[in-house]
Amino acid sequence: MTTTKDAGDLEFEAPRAGELAALLVSAERPPRPGAWSASLTFGWRAMLKIKHVPEQLFDVTAFPIMMVLMYTYLFGGAIAGSVDAYIQFLLPGILTMSVVMITMYTGVAVNNDISKGVFDRFRTLPIWRPAPMVGYLLGDVVRYLIASVVMLAVGLIIGYRPHGGPVGIVLGIAVLMVFSFAFSWIWTMFGLLLRTEKSVMGVSMMVIFPMTFLSNVFVDPRTMPGWLQAFVNNSPVTHVSTAVRELMAGNWPAADIAWSLGWSAVLVVVFGTVTMRLYNRK
């Protein structure tokens, strides 16, 4: 130990460099964060970004309201004869469509952080490797829930009546959240693969628009040509839309629920694996 005097001539002992290093080595280190806690931390980071940039909530508030009102009042009379009749069929479908479309912003956020060099820092942290990606998706699930609540509120105001009650609504939204979480892995892959945010959005729209419009979101597939029915009836969006619609109506569509969860598992396994390989090599 060395003796040092400060401005008040009070003597104190300062540790040598070797002693300080030994002290730091001997000190008990905090435990390494687990996979769940690390993912939640990154999910909270996504929430803080919304807090500082509240404009990010536009796509989960104003956009869903516009979608519900526009399609209900534009097509309700022509397709079902009245707005009240059409909203019973449309709302679960348009809810599915809107949330699925919102998932593309996950890839935009990932690409933005990569361009700013934030992910270089993430890779140096002693954490579970997929935690940043899972955190993004967990944070976006909150945004999907906000969009769902907003759309349901608007639907109830203009005449939607879910016969399944609160239980049916919760189950329907739960199926939609699981699928949306899984579907978002596609956009994390594109966020890592493409160079700019505009590229991510462009590719996302090219995939999402055909998938959502070629489904039973707006109309019953039985009115479509036979060759188109074959595609629509096997679309993952159709299975999810049907599951949400039937659950909210008070029914139990076991086959569509199984298909929705099966598609979700496939998306996570395939695109989650590809995403993490790209992330490790980026």
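# Exercises on a predicted helical chain

**Exercise 1. Find what the buried residues of α3 pack against.**

Solution. The buried residues of α3 pack against α4, α5, α7 and α9. Buried means under 20% relative accessible area, exposed over 50%, and partly exposed in between, with a 1.4 Å probe and protein chains only. Helices (H or I, at least four residues) and strands (E, at least two) are DSSP runs numbered from the N terminus. The model is predicted: local features need pLDDT of at least 70, side-chain atom pairs count only at pLDDT 80 or more, and totals for chains, interfaces and linings use all residues. Residues are numbered from 1 along each chain as its sequence is written, and side-chain values use heavy atoms, with hydrogens and water left out.

Next, list the residues. In α3, the buried ones are D59, V60, P64, M67, V68, Y71, T72 and G76. An α-helix has 3.6 residues a turn, so residues three or four places apart point the same way.

Then follow the helix along. α3 has a kink of about 35° centred on L74; the bend at a residue is the angle between axes fitted to the seven residues ending there and the seven starting there. After α3 comes G81, with a positive phi near 95°.

**Exercise 2. Describe the largest nonpolar core and the place of V68 in it.**

Solution. A nonpolar core is a set of buried Ala, Val, Leu, Ile, Met, Phe, Trp, Tyr and Cys residues joined through side-chain atoms within 4.5 Å. The largest one has 44 residues, and V68, I94, F183, F218 and M248 have the most contacts inside it. Two or more residues come from each of α3 (58–80), α4 (83–102), α7 (131–158), α8 (165–193), α9 (197–213) and α11 (236–248).

Now take V68. Leaving out residues up to four places away in sequence, V68 touches I87, L91, I94, M151, V154 and I158, where contact means heavy atoms within 4.5 Å.

**Exercise 3. State whether V110 is buried or exposed, and name what V110 touches.**

Solution. V110 is in helix α5. Its relative accessible area is 0%, so V110 is buried. Not counting residues up to four places away in sequence, V110 touches F119, M133, Y136, T188, G191 and L192. V110 and F190 are 80 residues apart in sequence, and their C-alpha atoms are 9.0 Å apart.

For a second case, take L261 in helix α12 (residues 254–281). With a relative accessible area of 40%, L261 is partly exposed. L261 and H239 are 22 residues apart in sequence and 9.6 Å apart in space, C-alpha to C-alpha.

**Exercise 4. Work out which helices line the largest pocket.**

Solution. α2 (35–52), α5 (104–115) and α7 each supply at least two lining residues. α5 gives the most, with 5 residues. By class, the lining has 6 nonpolar, 3 polar and 6 charged residues; Ala, Val, Leu, Ile, Met, Phe, Trp, Tyr, Cys and Pro count as nonpolar, Asp, Glu, Lys and Arg as charged, and the others, Gly among them, as polar.
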